[in-house]
Amino acid sequence: MTQQSTLPLSGIRVVEFTHMVMGPTCGMVLGDLGAEVIKVEPLTGDNTRKLLGSGAGFYPLFNRNKKSIAVDMKSAQGREVVLKLIATADVVSENFKTETMQKLGLDYATLSKLDPRLIYVSHKGFLPGPYDHRTALDEVVQMMGGLAYMTGRPGDPLRAGSSVNDIMGGVFGAVGALAALMQRAQTGQGQEVQSALFENNIFLVAQHMLQFAVTGKAAAPMPERISPWGIYDVFKVKNGEQIFLAVVGDGQWKTFCEAFGYADLAADERIAANNGRVLAREWLIPLLRARLAAHTSAELSAVFEQHGLPFAPITDPQYLFDDPHLNATGGLAPMELPDGRATKVPLLPLKLGGERLGLRLNPPKLGEHTDALLRSLGYSEGEVAQLHADGVVL
């Protein structure tokens, strides 16, 4: 694990009450940037630890670079521990129902009275308004916010293949926290930051909303859209392989025809310009499919790469662990799963000062840092032992 001493959020403490993806993503981003992120969990642990299927990767991915303290927050002693911890925090982050945090006395209105400098990041399904009483999930807002319509075929709305709103909603929560920290440095005052799934989804489909505003025509779902480029498709080639190929400008079209010896296509005035190729897709694409089908994916990749043309073999996520670019550039960091097995994990997709933001802490075991954090809050060894004996902490 890397130890970077000049991370931008070194010295910032974040206390998070989060589960699933959205809230944990915010803490992961802040932790990767150098903040000390303390995950407060119930004695039974974040339920995300136990998810199966497509949720099995949630906990280890979104909870790296964090510490775990397990506390019974329903008990008076547990709430006292949590409030002492919050008193040391710069940022509190949560993604539970508003009523839940209010009942625990951990809502912004209550905590800001105790510390006006506190920054409180709230991750919800909807920003305050007519929908805010609804229970939201990534799939819910994708369906009601137009993203599933754009992803699927006509009449067949399809959820995007990643928790895009949860992840981006958490990222925007982190952006808001960073902005609030900057403003606090100037004013001395904290504030509440709100991020929401639905509003994030609307941001993602805004380009299609504006497409309608500009053209007066509704955006077609992606499988049926009129591409702005003549050649911009997935091609099935030799041995049943698939590859995405694109030729996005007239210069690239000339290069493409020369690379494959398609002199007849290069000489055809109907398709010399990109818009002509767009209008000719009905006959041009089947023609290219037939010609390119004789090549393997590797052969096409080699030619497209040699000539600077866009291409992409179709890759399953599990194969990315062995991706030569990710491994050569430090995009994957060694990590230990909570059960002790070794793996690699993708890092944030950015560099600061020429370096990737690395892994400092593996995703924590439940309550892994409870005792150390209690001692740092002033609890004696005897008091720590008593809290364990009373079932207040784990």
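Lys217 is exposed, because its relative accessibility is 62% and exposed means over 50% relative accessible area, buried under 20% and partly exposed in between, with a 1.4 Å probe and protein chains only. Lys217 belongs to the loop between α9 (197–215) and β7. The model is predicted: local features need pLDDT of at least 70 and side-chain atom pairs count only at pLDDT 80 or more, while totals for chains, interfaces and linings use all residues. Residues are numbered from 1 along each chain as its sequence is written, and side-chain values use heavy atoms, with hydrogens and water left out.

**The chain as a whole**

- The protein chain contains 17 helices and 13 strands; helices (H or I, at least four residues) and strands (E, at least two) are DSSP runs, numbered from the N terminus.
- The C-alpha trace of the protein chain spans about 85 × 45 × 40 Å along its principal axes.
- Of the 394 residues in the protein chain, 43% are buried.
- Contact means heavy atoms within 4.5 Å. Among contacts in the protein chain between residues at least 6 apart in sequence, 70% join residues at least 24 apart.

**Helices α1 and α8**

- Two packed helices are described by the angle between their axes and the distance between the axes.
- Helix α1 (residues 22–32) packs against helix α8 (residues 164–187) at an angle of about 50°, and their axes are 7 Å apart. Axes are lines fitted to C-alpha atoms, for helices over the stretch in contact, and angles run from 0 to 180 degrees between N-to-C directions.
- The two helices α1 and α8 are therefore oblique to each other; angles under 35 degrees count as roughly parallel, over 145 as roughly antiparallel, 65 to 115 as roughly perpendicular and the rest as oblique.
- The crossing of α1 past α8 is right-handed. A crossing is left-handed if the near helix is turned anticlockwise from the far one by less than a right angle, and right-handed if clockwise.
- On the α1 side, the contact is made by Met22, Thr25, Cys26, Val29 and Leu30. On the α8 side, the residues include Gly169, Gly170, Gly173, Ala174 and Ala177.
- The residues of this contact of α1 with α8 comprise nine nonpolar, four polar and one charged. Ala, Val, Leu, Ile, Met, Phe, Trp, Tyr, Cys and Pro count as nonpolar, Asp, Glu, Lys and Arg as charged, and the others, Gly among them, as polar.

**The sheet β7-β8-β9**

- Three strands, in the order β7-β8-β9, form an open sheet with antiparallel pairing; two strands pair if DSSP finds at least two bridges between them.
- Strands β7 (231–236) and β9 (311–313) stand at the edges, each with a single partner strand, so one side of each has no neighbour in the sheet.
- From one strand to the next, the twist averages 15°.
- Strand β8 (residues 242–247) and β9 run antiparallel and are joined by three bridges. Ile243 has Pro313 as its bridge partner in β9.
- Helix α14 (residues 297–306) packs on the sheet and touches β8 and β9, and its direction makes about 25° with that of β8.

**Buried residues and their contacts**

- Ser93 is a residue of strand β4 (residues 91–94) and is buried, with a relative accessible area of 1%. Not counting residues up to four places away in sequence, Ser93 touches Val15, Glu16, Phe17, Thr18, Gly23, Cys26, Val121 and His123.
- Asn201, in helix α9, is buried at 0% relative accessibility. Leaving aside neighbours within four places in sequence, the contacts of Asn201 are Val141, Gln142, Gly145, Gly146, Leu147 and Asn165.
- Ala196 lies in strand β6 (residues 192–196) and counts as buried at 5% relative accessibility. The C-alpha atoms of Ala196 and Ala136 are separated by 9.4 Å, although the two residues are 60 residues apart along the chain.

**Loop residues with positive phi**

- Met20 is not a glycine, yet has a positive phi of about 60°. Met20 is in the loop between β1 (13–17) and α1 and is partly exposed, with a relative accessible area of 34%.
- Asn65, also not a glycine, has a positive phi of about 55°. Asn65 is placed in the loop between α2 (58–62) and β3 (66–70) and is buried, with a relative accessible area of 1%.
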